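Biologist: Could you put the model up, so that we can go through it together piece by piece?
Modeller: Of course, here it is.

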Amino acid sequence: MAYCINCEEEYSDKRLALGYHTCLNCGEAEARGIIAARTHAKLCEMTPYISGSLSQPDTLFEHRPGYNTQSIVSKKAFVAGE
């Protein structure tokens, strides 16, 4: 029988023949950690304001052509009945 490198429990020789040096439980825990890290990295790539490169989502639109804060603020809102 083969011994797990993490918990030193015995596991199947067939699993060792496949190239795994951990038991099923330790291997699953390690795989879940890798999955969580990869998912976090991908989400940070997809959402730049979470990854720290931008502080707020609104800053994404500040440099659009024709974007002018003064024109947005100074417009009079339409009120029904006027």
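Biologist: How many residues has helix α2, and how far does α2 reach?
Modeller: Helix α2 covers residues 24-46, which is 23 residues, and from its first C-alpha to its last it reaches 33 Å, close to the 33 Å expected at 1.5 Å a residue. The expected span is 1.5 Å times one less than the number of residues in the helix. Please keep in mind that this is a predicted model, in which local features need pLDDT of at least 70 and side-chain atom pairs count only at pLDDT 80 or more, while totals for chains, interfaces and linings use all residues. Residues are numbered from 1 along each chain as its sequence is written, and side-chain values use heavy atoms, with hydrogens and water left out.

Biologist: Which residues of α2 are buried?
Modeller: In α2, the buried residues are Cys26, Gly27 and Cys44, where buried means under 20% relative accessible area, exposed means over 50%, and partly exposed is in between, with a 1.4 Å probe and protein chains only. The buried residues of α2 pack against α1, which is residues 13-17.

Biologist: Why does cysteine 26 count as buried?
Modeller: Cysteine 26, which lies in helix α2, counts as buried because its relative accessibility is 18%. Leaving aside neighbours within four places in sequence, cysteine 26 is in contact (heavy atoms within 4.5 Å) with Cys4, Asn6 and Cys7. Cysteine 26 and isoleucine 5 are 21 residues apart in sequence, and their C-alpha atoms are 9.1 Å apart in space.

Biologist: And cysteine 7, where is that one?
Modeller: Cysteine 7 is placed in the loop between β1 and β2, and it counts as partly exposed because its relative accessibility is 32%. Not counting residues up to four places away in sequence, cysteine 7 touches Cys23 and Cys26.

Biologist: Which residues make up the largest nonpolar core?
Modeller: The largest nonpolar core has five residues in all, namely Ala2, Cys4, Tyr11, Cys23 and Cys26. A nonpolar core here is a set of buried Ala, Val, Leu, Ile, Met, Phe, Trp, Tyr and Cys residues joined through side-chain atoms within 4.5 Å. In soluble globular proteins, nonpolar side chains tend to be buried together.

Biologist: Changing topic, what does threonine 22 touch?
Modeller: Threonine 22 lies in the loop between α1 and α2, and it counts as buried because its relative accessibility is 8%. Apart from neighbours within four places in sequence, threonine 22 is in contact with Cys4, Ile5, Asn6, Tyr11, Arg15, Gly27 and Glu30.

Biologist: What lies over the face of tyrosine 20?
Modeller: Arginine 15 lies over that face, at 4.4 Å from the ring centre. A charge sits over a ring if NZ of Lys or CZ of Arg is within 6 Å of the ring centre and within 35 degrees of the ring normal.

Biologist: What about phi of glutamate 8, positive or negative?
Modeller: Phi of glutamate 8 is near 60°, a positive value in a residue other than glycine. Most residues other than glycine have a negative phi. Glutamate 8 is in the loop between β1 and β2 (10-11), and it is exposed, with a relative accessible area of 63%.

Biologist: Where is methionine 1, then, and what does it touch?
Modeller: Methionine 1 is in the segment before β1 (2-3), and it counts as exposed because its relative accessibility is 57%. Not counting residues up to four places away in sequence, methionine 1 touches Glu10, Tyr11, Ser12 and Asp13.

Biologist: Finally, what pattern does the whole chain follow?
Modeller: Read along the sequence, the pattern is β-β-α-α-α, with three helices and two strands in the chain. Helices (H or I, at least four residues) and strands (E, at least two) are DSSP runs, numbered from the N terminus. Of the 82 residues in the chain, 11% are buried.
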